[in-house]
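Subject: Handover of a structure

Dear colleague,

Please find the structure below, followed by an account of what was found in it. I would be grateful if you could read the two side by side.

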Amino acid sequence: METLDALEEPARCSFCDREESRVRKLVSGPGVRICDQCVDLAGKIVDEYRGEPAPPRFPGWETLTDEQMLDRIPRISAVVDQVEAELRLWVRELRRRGVTWARIGAALGTTRQSAWERFSGEE
Ligand SMILES: [Zn+2]
């Protein structure tokens, strides 16, 4: 996705943090990316839990040390920033099209005022 590729960091899977050069395929969505291996894993998880309650924990946590988890959280935080930046682009385009803050707020499950405060860039 053009807006993500413009970022300085190399493209990475939002789920496993592998760089694009280390995976066969990286699929981009709005603000996030997923690699072929994570798609396969997600498919297995969905198959395993289809019709059953959702797993209470991320399946990979059991294999990670505290240090490994601490190493990952900055990347997860960076993904949050990427998604927020992508969301801002979508809202900016909606505003350019003349869509009201009330409709944008409703779509996000919030008020017109909250949407405006979050995205307008005005005080
Ligand atoms: Zn991945």
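The 4 donor atoms around the zinc ion subtend angles of 105 to 119°, so their arrangement is tetrahedral (for four donors, all angles between 85 and 135 degrees). The protein donors are the SG atoms of Cys-13, Cys-16, Cys-35 and Cys-38, at 2.2 to 2.4 Å from the ion; donors are N, O and S atoms within 2.8 Å of the metal (3.2 Å for Na, K and Ca), and since water is not among the atoms, sites may look incomplete. Cys-13 lies in the loop between helix H1 (2-5) and strand E1 (26-28), and Cys-38 in helix H2 (residues 36-49), so this pair ties together parts that are 25 residues apart in sequence. Helices (H or I, at least four residues) and strands (E, at least two) are DSSP runs, numbered from the N terminus. Along the chain, the zinc donors have the spacing C-x2-C-x18-C-x2-C. Cys-13 and Cys-38 are both buried (under 20% relative accessible area, with exposed over 50% and partly exposed in between; 1.4 Å probe, protein chains only).

Please note that this is a predicted model, in which local features need pLDDT of at least 70 and side-chain atom pairs count only at pLDDT 80 or more, while totals for chains, interfaces and linings use all residues. Residues are numbered from 1 along each chain as its sequence is written, and side-chain values use heavy atoms, leaving out hydrogens and water.

The structure holds 8 salt bridges, each defined as a side-chain nitrogen of Lys or Arg within 4 Å of a carboxyl oxygen of Asp or Glu. One of them joins the side chains of Arg-24 and Asp-36, at 3.1 Å from N to O. This pair links distant parts of the chain, with Arg-24 in the loop between H1 and E1 and Asp-36 in helix H2, 12 residues apart. Arg-24 counts as exposed because its relative accessibility is 72%, whereas Asp-36, at 13%, is buried.

A further salt bridge connects Arg-88 with Glu-84, whose closest N and O atoms are 3.4 Å apart. Both residues, Arg-88 and Glu-84, belong to helix H3 and are 4 residues apart, about one turn of the helix. Arg-88 is partly exposed at 34% relative accessible area, and Glu-84 is partly exposed at 22%.

Glu-93 and Arg-97 also form a salt bridge, with the closest N and O atoms 3.1 Å apart.

Yours sincerely

Notes:
Tetrahedral: all angles 85-135°; square planar, octahedral: opposite > 155°, others 65-115°.
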